[in-house]
Structure formats: C-alpha cells, structure tokens
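Here is a briefing on one structure. Look it over first, then read the points below.

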Amino acid sequence: MPWLALVVVALLFLGSQRKTPMSVSKKVAGYKNGEELEIEVTQIADDKWLRFDAAAAFKRMEAAANAEGVFFGVNSAWRSYAEQVALYAKYKAGGALAAPPGYSNHQAGTAVDLNTQNGTNGAFKWLQVNAARFDFARTVSSEPWHWEYVGFNTTV
C-alpha cells in the first residue's frame with residue numbers, strides 16, 4: 001500500500017508543475033548567398049523568428065542574461081524576401097544600411113537585431129562579454145544591435 005501513496009504524491013507533483021508552451025515553428029523560404037532554400041524557424045519573441053538551431057541558442061543566451069538581470073528586446077530577426085526588398089529600397093534612398101535581397105543573414109534566420117541602445121540595463125556590454133558562449137557574434141561593427149548565430153551548424 002505505501003507504493004500507492006507514492007504514486008498519488010508523484011501524480012499530484014507532476015500535475016502541479018508549470019507547463020511551458022510548445023515552441024511555435026514553421027517552414028519558410030530562407031536565403032543564403034542569393035540562393036533560396038527552405039528553413040525551419042522558431043518563434044523567439046512576438047512575431048520574431050530565428051532558424052531552429054539559432055533560436056535554441058538565442059533562448060539559452062536570453063535566459064542567462066535574464067538570470068543576471070539583463071534584458072534585451074528583439075527588434076528584428078528572420079525576414080521574408082519582401083521585407084528585405086523594402087529595407088533595401090529604403091537603404092538605396094538614403095536610409096540605414098541593408099543587404100541586397102537574398103544576401104542578408106536575417107533571411108537565413110541566423111541574425112537578430114537586439115535593443116541594446118538604452119544603456120540602462122547593460123545589454124550591449126553583457127553581449128560583448130557573453131554572446132560567444134552561446135555562439136553569437138557581432139558581425140557588423142557599425143551596428144551594435146546586430147548579432148549573428150555562428151554555431152557549427154551555420155550551413156542550412
């Protein structure tokens with residue numbers, strides 16, 4: 001009879017554990033070096049997506065930062081071809097730097113633009129010190145917000 005009490009306690013414990021929602025993922029058209037390919041992206045924030053492996057690394061990095069009291073918002077991640085066309089048109093008209101459509105690492109699902117500008121939470125400094133532990137690197141020196149997943153599985 002003690003085993004029955006143990007089973008009941010275990011079931012009550014498991015039933016009380018907070019459930020985390022399943023990640024939302026989808027297959028999309030991605031681009032790398034001008035070539036279209038299908039990639040799987042996973043949601044990392046409201047309407048922000050990264051390639052599956054990059055998303056997993058990002059979520060680990062975000063959790064580590066949050067545990068140290070550092071928070072950064074996601075401004076941009078995977079972009080569709082149409083989004084990149086629009087950004088490139090703005091660049092050509094004198095706007096912020098943007099890669100030609102098909103050549104942005106955002107379109108490969110490996111680049112993320114983070115809110116590192118407010119200076120009040122130490123996000124940029126934290127990323128400079130810690131991002132490499134999670135296979136992220138700042139690859140555009142003029143853009144402190146632009147970070148890319150450079151993990152071993154960077155070929156799509």
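Which residues do ring pairs link into a cluster? They are Phe58, Phe72, Trp126, Phe134, Phe136 and Tyr149. This is a predicted model: local features need pLDDT of at least 70, side-chain atom pairs count only at pLDDT 80 or more, and totals for chains, interfaces and linings use all residues. Residues are numbered from 1 along each chain as its sequence is written, and side-chain values use heavy atoms, leaving out hydrogens and water.

**Aromatic pairs**
- The count comes to 8 aromatic pairs (Phe, Tyr and Trp rings, the six-membered one for Trp, with centres within 6.5 Å; planes under 30 degrees apart are stacked, over 60 edge-to-face, the rest tilted).
- Tyr31 and Tyr81 form a tilted pair, 5.0 Å centre to centre, with 45 degrees between the planes.
- Trp126 and Phe134 are stacked because their ring centres are 6.3 Å apart and their planes at 25 degrees.

**Burial**
- Tyr31 is buried at 12%, whereas Tyr81 is partly exposed at 38%.

**Sheet**
- An open sheet of 4 strands runs S4-S5-S7-S6 with antiparallel pairing (two strands pair if DSSP finds at least two bridges between them).
- The edge strands are S4 (74-76) and S6 (136-137).
- S6 and S7 are joined by 2 bridges, and Ala137 stands opposite Glu148 in S7.

Technical notes:
Buried means under 20% relative accessible area, exposed over 50%, partly exposed in between (1.4 Å probe, protein chains only).
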